[in-house]
Protein chains: 2
Amino acid sequence: VTADLTRAALEALDRADDLAPFRAEFDLPADVIYLDGNSLGPLPKAAAARVAEVVTREWGTSLIRAWNAHDWIGLPLRIGEKLGRIIGAAPGSTLVADSTSVNLFKLLAAALAAQPKRHVILTETGNFPTDLYVANGLTELLRRGHAVRAVTDPVSALNEDVAVLMLTHVNYRSGAMHDMAAVTRAAHAVGALTLWDLSHSVGAVPLHLADDNVDLAVGCGYKYLNGGPGAPAFLSVAPPLQADLRLPLTGWLGHAEPFAFAPDYRPADGIARAMVGTPPVLSLAALEVGVDLMLRAPMGALSAKSQRLLDLFIALVEQECAEDGFRLLTPRDAARRGSQVAFAHPDGYAIMQALIARGVIGDFRAPDVLRFGLAPMYVRHVDVWDAVAALREVMRTGAWRAARFQVQRAVT
Amino acid sequence: VTADLTRAALEALDRADDLAPFRAEFDLPADVIYLDGNSLGPLPKAAAARVAEVVTREWGTSLIRAWNAHDWIGLPLRIGEKLGRIIGAAPGSTLVADSTSVNLFKLLAAALAAQPKRHVILTETGNFPTDLYVANGLTELLRRGHAVRAVTDPVSALNEDVAVLMLTHVNYRSGAMHDMAAVTRAAHAVGALTLWDLSHSVGAVPLHLADDNVDLAVGCGYKYLNGGPGAPAFLSVAPPLQADLRLPLTGWLGHAEPFAFAPDYRPADGIARAMVGTPPVLSLAALEVGVDLMLRAPMGALSAKSQRLLDLFIALVEQECAEDGFRLLTPRDAARRGSQVAFAHPDGYAIMQALIARGVIGDFRAPDVLRFGLAPMYVRHVDVWDAVAALREVMRTGAWRAARFQVQRAVT
């Protein structure tokens, strides 16, 4: 590998990259190499115009009439349907609503209701904290003897007590990815439902929820979908489960006839019942632009480029910063990871600060993890070269020591 | 009254109106008289620029750094604090988060947890349906013998079984308003908590949550606050209740240290614990503009003008449409109503469609209610004249019969 690792070789890869034109769809500051799309995707150029249109023309001119005239009322299902194609869900499975945390709560409660004789929510210790918090919050609310069991190897811990196996598909720190099909099969073999958090997968790796027989899923709109800060989240429910789905948050927009203003709740057919309150139209408008853009890019090409960028990043760090104490946390096997790469380093925070000061934006996760998201829609091969060159410079010049000093001074 | 009811007299009132300049703060279509701000407030001119700035400059340029650089992370508490001033809540009581329905669920669950020996959620039959749905959904989830008791006179039904009295302050149909101080006193006399839904009050009538000893409140950002379609909602919790508040939705942003990514949930101090997921920044930006605008207008003057507009609207309908079969649903006593007026009419739907076709935008609520929101920030006295003149024309010309015919044809 090393022999090919020159900046010129990476420039050649960019010239040959069929996905290269997608970069021009984003507003990216000229002085930044943006490797944090796994935390907040950048601004699609079309989103600025679309949001302005929704604000000025739709809200400003149509006012209340816009709910019908511009089909605001249809946004959650319409964007959900598009998202369903991105995640390989069956038609009519997917809805945009609320936040990932709220959607997790809704589907976890529904999963427990669907499995009245089972009492365990099984998950893994390294799951994103909010997933654990929400599961524990739910069991404490229910007070019916449910337990949240967080283990390092959840597949081995599957048994007939497990109501639902709740996992994040791609780990937020390491980028390691579960085998969705195999894990779902294992869960089904003991009669457990599966609930996948796709926050770090959607738009990053190929997903086939229907083919993999996934029961329930949630995910986030503001990472690889480039839906904007705090974009609404989504949820997906396999069609056979929808009719008996007992959701705990029964808001008026999930009613079969919201505008009948009936005193009794009667859930809408299908996934529409998972709506709760009035959807945030401005945020939805931005999300739709990101989703539409993602639908234009072939997922196979995105995934191939993503894994190539990861391979290059890892190889370059090992070539250029071999003596600097970085420990790779992300699997080397492309089939076992998402679109981000993570290294542990005891001075990770200071190193990331020094990198950001140089315009290379990744992020840091306590206690010692440097994360770099390599989103293939806009990250170039040459960006990987330049990012690692900046990392090398930070380590060689000791710039990170100054950053560490500043951090220590700020804390004390 | 009738002697003064000429268009010229109302123009004179507009000339003398200290609030008149606020109308210029809104983008209102020239061909519309907008009387539906109780459903969706119009666009404040500054909101378009502010949202564009957040999209283009903050998201586009600062990217992930905007969470700190532009204090996105502080938005829910910052806007909540401003909202707290509008509703007369104690400092540190109020947070912008989620939807009204989700916030109701959170606070109802917390109220039941705080009252473990009581089993009744008391409310009224005419409450907004989502409030009833959410309460019933919660009790069905808990399965611990809680009951939702909806009665026509909730104060008379107060007793020591009542954990929480949940009421909408201003009724969404009739516009009738509860006496918040007296009802709260009555609830406290039997040891019940109060949970007020302020969706049709906030920005419409003076509110004094702290003085009235209100325990819990929720409300909506997109009506009289002019926060934009689907604007985030808010909740407010009296400070003495906050420390022991057990909220059912324990998301990462309500954690004491969200970025420590600790495996166990530890709620943040104060009202911050009521945050759940990542807040929708674009929608929050628009809401803040509406809230800032509301803070600039003196509530006493707003309320006085609002009640004057209602009096005029009622007097004019009775003067101009006396024979047309409209039945007033809204109290005549200004102290007992919000900022909207409602009439029942068996052909209400067709009449409203004919009005809207003439640019007079109110709305219709099944089965027979015409609602007109008279938001004093931008509705002029002369608009009331012109709206009722349009109503008279619709009735005199029989235009509503054509609308009724179209409705019937569309349905069959």
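Me: Why are α2(A) and α2(B) called roughly antiparallel to each other?

Reply: In this predicted model, α2(A) and helix α2 (residues 45-62) of chain B pack at an angle of about 170°, with their axes 10 Å apart. The axes are lines fitted to C-alpha atoms, for helices over the stretch in contact, and angles run from 0 to 180 degrees between N-to-C directions. Angles under 35 degrees count as roughly parallel, over 145 as roughly antiparallel, 65 to 115 as roughly perpendicular and the rest as oblique. An angle of about 170° is over 145, so the pair is roughly antiparallel.

Me: Which residues make this helix pair meet?

Reply: A47(A), A48(A), V51(A), V55(A), T56(A) and W59(A) meet A47(B), A48(B), V51(B), V55(B), T56(B) and W59(B); contact means heavy atoms within 4.5 Å.

Me: How much area do chain A and chain B bury between them?

Reply: About 6100 Å², 70% of it on carbon and sulfur atoms. That is the accessible area (1.4 Å probe) that two parts lose on being put together, summed over both. On the side of chain A, W59(A), Y133(A) and F261(A) lose the most area to chain B, together 13% of what that side buries. In contacts, 77 residues of chain A touch 77 residues of chain B.

Me: What makes R246(B) and E140(A) a salt bridge?

Reply: Their closest N and O atoms are 3.9 Å apart. The rule asks for a side-chain nitrogen of Lys or Arg within 4 Å of a carboxyl oxygen of Asp or Glu, so this pair qualifies. The count between the two chains is two salt bridges, and over all chains the count comes to 46.

Me: What does the pair E25(A) and R296(A) tie together?

Reply: E25(A) forms a salt bridge with R296(A), the closest N and O atoms being 3.0 Å apart. E25(A) lies in the loop between α1 (7-15) and β1 (26-27) of chain A and R296(A) in helix α9 of chain A, so the pair ties together parts that are 271 residues apart in sequence. These elements are DSSP runs numbered from the N terminus: helices are H or I, at least four residues, and strands E, at least two.

Me: Why do α1(A) and α12(A) also count as roughly antiparallel?

Reply: The axes of α1(A) and helix α12 (residues 381-397) of chain A come within 7 Å and cross at roughly 150°. Since 150° is over 145, the two are therefore roughly antiparallel. R7(A), L10(A), E11(A), L13(A) and D14(A) in α1(A) meet H381(A), V382(A), W385(A) and D386(A) in α12(A). This contact divides into four nonpolar, one polar and four charged residues.

Me: What is the omega of the cis peptide bond between A366(A) and P367(A)?

Reply: Omega is about 5° there, and P367(A) lies in the loop between β14 (363-365) and β15 (369-373) of chain A. In chain B, a cis peptide bond joins A366(B) and P367(B), with omega about 5°.

Note on methods: Residues numbered from 1 in each chain as written. Chains lettered and ligands numbered in written order. Predicted model: local features only at pLDDT ≥ 70, side-chain atom pairs only at ≥ 80, totals over all residues. Heavy atoms only, no water. Nonpolar A, V, L, I, M, F, W, Y, C, P; charged D, E, K, R; others polar.
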